[in-house]
Every structure is written in C-alpha cells, then in structure tokens.
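Have the structure open while you read.

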Amino acid sequence: VVKLTFIVVLAKQISYLKEYHDLNSVWSVAQLAVHFVLLFGLILFVSSDLGSALIFFSIFLVMLFAAGFALHWFAIGFAAIAAMIPLLWNFVLHDYQKNRILAPYDSSIDPTNTGINWQPHQSKIALASGQWTGAGLGNGTQSQSNALAGKHTDFIYAVIGEELGMIACILVIVLLLIIIIRCVMVGIRSGSNMGSLVCFGVAAFLTFQTFENIGMCIGMMPITGIPLPFISFGSSSMMIQLLTVGIVQSIWRHRSGAA
C-alpha cells in the first residue's frame, strides 16, 4: 500500500515544487531528499526489506528524471551513495543479506547449491527442463515437488517455464511490457504534470518488480521476495497492482482534451 501512496504523494510534491518553486533549487532538492530518505531508511533499517527499498529507489529516480530533474543532481546523488556503500555494507546489512547479494555471482558462497543457492538452482533446473513447449500444466517435476520453494509466489516464473515452456515465458514478458509501455504512453499524453508523474512512477514500479523477479528466477539477481506483477499469488500485492493500473486508466480517461 505504501508503494502506491509514495507514488501519488511524490508526484504531488514534485508538481507543487515545479509550479511554485524551482525544482532544481537546493531547497527543493533538500525537501525531496528528506521525503525519500525517511521512507527508505524505515524500510531498510526497521524492516530489513532490501528488495522493497530498492523498488522505492527506482520509483524515486524515474519520477525525478521524468520531472526534468537536472543531471548534475543525479551525479551528486550517485556520488553520495557510492561513498555510503562501504558504511552500509559493513554496519547496516546483515550477513544473510550480504550473502544473498553475492551468491548469484560467487559460487564459493554455496558451492554445493544446498544452502542459499538452493532455490535459484532449482529454479534454473525447472526453466531449463521446460525447453520451448514445457512438460504440460501440472506435470513439472520441480514444480510439483517440494524442490522448488515459493512456486506460487517468488518462483512462479520458473513454474511457467517448466510446465508451459520458454514460449510462455516470452509471452509473459511481452504482456508485462505492453502494460508498462502503455503506462508510459499515458503519462506522455496525459496533459497533466501530476498525472504524468504518477504514470511514470507506476511504470517504474512494475518494471523493477518484473526485472527483479525474473532475474532471481534465472539466477542473475539476489533472492529478495519480490513478486511477479499480476501473476504471483498474494492478495495485497495483486490488489495494489490492479489499483495502480486503475489509476493510470483514470488518468487516461480524464486527460486534457479527452471527450
């Protein structure tokens, strides 16, 4: 729920700063930074949810870029983040979080694939065994056993690959891309500054979740428990995703010049 609220409130704040102040002034940058850092800090330090924190970070960056934020502020921000990474790594992240980040790229962390690499290893086996057409719905060896944990949530994409094949996996990506591109197009044509920013925020939200979920299923991204939009099981997650698309549809319906 906070993701959707964050997108709407941030869009309102940016629109206000653009209309009544200079968006690229030091005062505006300070307000936006405080807005983001407070929320990001609560998620990262209180709930230790790195995956969700990164989603908010991607939404924040995309919305600022779409609003016309000056590139030199991005450079300063990335430089500050780079300077803070050693502190975060050494004093904030827990060992299990560090291992999750490193495991996809360092086989020595779990050489036998029985520990932290167990789930992504089983996911890759499932995807590979499905080949182009899959084993058939309900016939996946990994999917229908306890080998693949979270098969209805985090690793639903691996189930699709094993039982319906690579063709179905490509179709899922294409369908999600259509939704994301449509959100961007509505944002471009909305005729409203705030409406445009909300659409870009929704597109960033869906894009990062898709990228992260598929990435962890193929062993390229750390396991963070991010669901695949509109496909992974989860009532609250599904409700928010449908609400975001409903808001985009409303923005399109009430766009400037619409009949």
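1. Let's start inside a helix. C169 belongs to helix α7; helices here are DSSP runs of H or I with at least four residues, strands are runs of E with at least two, and both are numbered from the N terminus. C169 is buried, at a relative accessible area of 0%. For that label the cut-offs are under 20% for buried, over 50% for exposed and partly exposed in between, using a 1.4 Å probe and protein chains only. Between C169 and T133 there are 36 residues in sequence, and their C-alpha atoms are 9.9 Å apart.

2. Before going further, a word on what you're looking at. This is a predicted model, in which local features need pLDDT of at least 70, side-chain atom pairs count only at pLDDT 80 or more, and totals for chains, interfaces and linings use all residues. Residues are numbered from 1 along each chain as its sequence is written, and side-chain values use heavy atoms, with hydrogens and water left out.

3. How far can you trust it? The pLDDT, which is the predictor's confidence in each residue on a scale from 0 to 100, averages 86 for the protein, and 94% of the residues score at least 70. Helix α7 (residues 156-189) has the highest confidence, at a mean of 93, while helix α5 (residues 95-102) has the lowest, at 75.

4. I55 is another buried residue, with 0% relative accessibility, and its place is in helix α3. Its C-alpha lies 8.2 Å from that of A204, though 149 residues separate I55 and A204 in sequence.

5. Now the largest pocket, which holds about 1,000 Å³ of space. On a 1 Å grid over the protein atoms alone, a pocket is an open set of points with protein on both sides within 12 Å along at least five of seven lines, whereas a cavity is a set where a 1.4 Å probe fits but cannot get out. Grid points are joined across faces, edges and corners, and the volume is the space filled by probe spheres set on the points.

6. What lines this pocket? There are 30 lining residues, with F36, F40, F57, G77 and I81 lying nearest the centre; a lining residue has an atom within 4 Å of a point. Two or more residues come from each of α2 (26-46), α3 (50-66) and α4 (71-91), and α4 gives the most, with 11. By type, the lining has 28 nonpolar residues, two polar and no charged. Nonpolar here covers Ala, Val, Leu, Ile, Met, Phe, Trp, Tyr, Cys and Pro; Asp, Glu, Lys and Arg count as charged, and the others, Gly among them, as polar.

7. On to the aromatics. Rings of Phe, Tyr and Trp (its six-membered ring) pair if their centres lie within 6.5 Å, with planes under 30 degrees apart called stacked, over 60 edge-to-face and the rest tilted. That rule gives seven aromatic pairs. One of them is F36 with F40: the centres are 5.2 Å apart and the planes at 35°, so this pair is tilted. Both residues sit in helix α2, four residues apart, about one turn of the helix. F36 is buried at 9% relative accessible area, and F40 is buried at 19%.

8. F36 also pairs with F60, and here the pair is stacked because the centres are 4.4 Å apart and the planes at 15°. This one links distant parts of the chain, from F36 in helix α2 to F60 in helix α3, 24 residues apart. Both F36 and F60 are buried. Together, F36, F40, F57 and F60 form one aromatic cluster.

9. Two backbone angles to check. Most residues other than glycine have a negative phi. Q131, in the loop between α6 and α7, has a positive phi near 50° and is exposed, with 58% relative accessible area. F230, in the loop between α8 (193-217) and α9 (235-253), has a positive phi of about 70° and is partly exposed at 21%.

10. Finally, take a look at R182, whose charged end sits over the ring of W252, 4.8 Å from its centre. The test is that NZ of Lys or CZ of Arg is within 6 Å of the ring centre and within 35 degrees of the ring normal.
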